[in-house]
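User: I would like to learn how to read the main features of a structure like this one. Please take them one at a time.

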Amino acid sequence: MALNRERIGVSYPPYRYEVSREKIREYASALGESDPRYYSDGDDCIAPPTFAACATVIKGGASLFADPDLGAHVVLVHGEQGFEFGDRPLQPGDVLTCTPRIADIVYKGRNELLTLELDCRHADGSLAVRGTGTIVFLGSAPEQAA
Amino acid sequence: MSEVTVGTELPTFTQKAELATSIAYAAASGDLNPLHWDPAFAANVSPTGGVIAHGMYAMGLASRLVTSWAGDPAKVAEVRVRFTKPWPLGETATFGGTVTAVEGGIATVEVWATREDGEATVKGTARVRL
């Protein structure tokens, strides 16, 4: 069954993501990063840019599956991902408010491409990171769209 | 960074995708999809018939290429990639990049990771503040 295109433009309830020093370390280590700031105990500790994935990809995707009116299914692949960053890297103690929004759903052959935007803001309202992910739902586009 | 001009090449590196790297990335990112660590599960659903690395792992390494070159992660304004082909465990990918534009204090860098067969597993762009 095809995704419900009437859900284009819908925003889901914001969720909270708290950046922790140990999670930054774990993430940096998984990528083989050597920049000492990723492992620092001090105020200079920062996160690698794609640490933003921890706050956005799975948690944001979960919003889609929690939407009973969308019709998301698990036969999918990750097509594209982008991150635009605010004025500074994420740091331990940052508390982000992340709002998922369905920016678009288009057909490509028998697949459906859903663009999910994640707007993550610091407590003062400034942009921390904006994630844009394209999820490819395989085989569910209507026949006539092929 | 020394002077950055169109055509400047970023220092490349290689990474082998292994079960250990995949499990570490799954735990760190929270993406526990068994496609990235369970051969029995992957046999039924994987495009290659086997376990493949997370696309986001390849994106993270492409971003590492850029931050290592830029010298400061704070300079990275944007990273964007397409996941073009799966990266099977056991295969080594080569990460590279080249500067394609320098304008208004921002360098646009094309980045990629190439599999052993020469096909790209990710392709994308980064925007770096100079």
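Analyst: Of the 130 residues in chain B, 42% are buried. This is a predicted model, and the values below are computed from it.

User: Which elements does chain B have, and in what order do they run from the N terminus on?

Analyst: Chain B has three helices and five strands. From the N terminus, the order is β-α-α-α-β-β-β-β. Its radius of gyration is 16 Å, close to the 14 Å from the globule rule for 130 residues, so chain B is as compact as a globular protein of that length. Along the principal axes, the C-alpha atoms of chain B fill a box of roughly 50 × 30 × 20 Å. For contacts in chain B between residues at least 6 apart in sequence, 64% join residues at least 24 apart.

User: How should I read the sheet, and what is the order of its strands?

Analyst: Strands of a sheet pair through backbone hydrogen bonds, in either a parallel or an antiparallel way. Here an open sheet of ten strands has antiparallel pairing and the order 1(A)-3(A)-4(A)-5(A)-2(A)-2(B)-5(B)-4(B)-3(B)-1(B). Strand 1 (15–18) of chain A and strand 1 (13–16) of chain B stand at the edges with a single partner strand each, so one side of each has no neighbour in the sheet. From one strand to the next, the twist averages 25°.

User: What about strand 1 of chain B: which strand does it pair with?

Analyst: Strand 1 of chain B pairs with strand 3 (residues 92–103) of chain B, antiparallel, over four bridges. B:Thr14 has B:Thr94 in strand 3 of chain B as its bridge partner.

User: What else of chain B touches chain A?

Analyst: The contact takes in 25 residues of chain B and 24 residues of chain A. On the chain B side, the elements giving two or more residues are helix 1 (19–29), helix 3 (55–70) and strand 2 (76–83). The residues on that side divide into 14 nonpolar, six polar and five charged.

User: How do I read the nonpolar core, and which residues have the most contacts inside it?

Analyst: In soluble globular proteins, nonpolar side chains tend to be buried together. The largest nonpolar core in this model has 71 residues, and B:Ala58, B:Ala62 and B:Val66 have the most contacts inside it. Helix 3 of chain B gives the largest share of this core, ten residues. That helix lies across strand 2 of chain A and across strands 1, 2, 3, 4 (106–114) and 5 (120–129) of chain B, running at about 35° to strand 5 of chain B.

User: Leaving aside neighbours within four places in sequence, what is B:Ala58 in contact with?

Analyst: The contacts of B:Ala58 beyond those neighbours are B:Ala53, B:Trp87, B:Ala93, B:Ala113, B:Thr121 and B:Val122.

Conventions. Residues numbered from 1 in each chain as written. Chains lettered and ligands numbered in written order. Predicted model: local features only at pLDDT ≥ 70, side-chain atom pairs only at ≥ 80, totals over all residues. Contact = placed C-beta atoms within 7 Å. Nonpolar A, V, L, I, M, F, W, Y, C, P; charged D, E, K, R; others polar. Pairing = 2+ DSSP bridges. Axes fitted to C-alpha atoms, helices over the stretch in contact; angles between N-to-C directions. Core = buried A, V, L, I, M, F, W, Y, C linked by C-beta atoms within 7 Å. Buried ≥ 20, exposed ≤ 12 C-beta atoms within 10 Å, placed from the backbone. Rg over C-alpha atoms; globule rule 2.2 N^0.38 Å.
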